[in-house]
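Open the model in your viewer and keep the selection tool at hand. This tour goes from one stop to the next.

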Amino acid sequence: MDQERPLRERLIDAGAELVASEGTGALGLREIARRAGVSHGAPRRYFPTHHSLLSAIARRGFADLGGRVAALEAGAAQSPPRERVRAIGRAYVGYALENPGMFALMFRHDLLDSAGQAPSDEPRLRESTLPLFALFVSLVGRCGAAEPSVTAAALWANLHGVAQLWRWGSLPLALGEDPAVGVERLVDAAVDAHLGGVPA
């Protein structure tokens with residue numbers, strides 16, 4: 001842990017490393033403080049509640065995922081909307097499989113301080129989660145869906161389920177571990193199922 005970095009960032013770094021290595025169950029204030037090399041009371045100077053620290057860690061995950069999607073979108077402005085939805089879906093599921101601990105934390109709004117305290121130069125967690133969904137809704141609408149928000153929400157839930165069930169081994173088991181049926185093919189099938197025969 002870089003002792004020269006501001007303490008607030010060191011605490012978030014420690015939490016992000018902890019969730020990556022041990023999952024959300026390990027994200028106690030004492031352990032995060034220990035890994036950051038400070039007393040167990042030090043996090044309270046920057047994070048008045050445990051939830052506010054977890055929210056800051058989750059924002060790090062949304063920034064990472066958002067950066068991946070932004071990079072895809074930067075090179076896809078001329079691509080058909082359906083292909084962009086497909087690419088975002090693959091990136092989303094890929095991120096979930098590469099970062100299962102962070103992914104599990106990011107969407108636990110029941111645990112996180114969604115409306116709570118964030119520094120004035122950072123968005124609240126709830127505002128961090130919405131831009132990706134808004135992009136998804138826009139692209140789904142451009143594919144001709146009659147109810148873009150509902151269709152995008154259903155597709156998102158489907159992709160989230162693909163990620164979870166694949167990581168838990170349920171989908172490979174159900175599919176007989178057929179090497180021809182990988183995650184990308186499941187993402188494509190989910191996109192086609194929700195967007196149906198509407199034109200791209």
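Predicted model: local features only at pLDDT ≥ 70, side-chain atom pairs only at ≥ 80, totals over all residues.

**Stop 1: the core.** Select L27, I32, I57, V93, M102, L105 and L159. These have the most contacts inside the largest nonpolar core, which has 53 residues. Now colour the helices. Those giving two or more residues to this core are helix 1 (7-22), helix 2 (29-36), helix 3, helix 4, helix 5 (100-106), helix 6, helix 7 and helix 9 (183-195). Helix 3 supplies the largest share, 8 residues.

**Stop 2: L105.** Centre on L105 and leave aside its neighbours within four places in sequence. L105 is then in contact with T24, L27, L54, I57, A58 and L112.

**Stop 3: the pocket.** Select F107, T129, L132, F133 and W156. Among the 14 lining residues of the largest pocket, these lie nearest its centre. The elements giving two or more residues to the lining are helix 3 (50-74), helix 4 (81-98), helix 6 (125-142) and helix 7. Helix 6 gives the largest share, 5 residues. The volume of this largest pocket is about 240 Å³.

**Stop 4: T151.** Move to helix 7 (residues 148-167) and pick T151. Is T151 buried or exposed? T151 has a relative accessible area of 15%, and the cut-off for buried is under 20%, so T151 counts as buried. Leaving aside neighbours within four places in sequence, show its contacts: V140, A145, H194 and L195.

Notes. Residues numbered from 1 in each chain as written. Heavy atoms only, no water. Helix = DSSP H or I, 4+ residues; strand = E, 2+ residues; numbered from the N terminus. Buried < 20%, exposed > 50% of the residue type's maximum accessible area, 1.4 Å probe, protein only. Contact = heavy atoms within 4.5 Å. 1 Å grid on protein atoms, 1.4 Å probe; cavity = no way out; pocket = protein on both sides within 12 Å on 5 of 7 lines; lining within 4 Å. Points joined across faces, edges and corners; volume = space filled by probe spheres on them. Core = buried A, V, L, I, M, F, W, Y, C linked by side-chain atoms within 4.5 Å.
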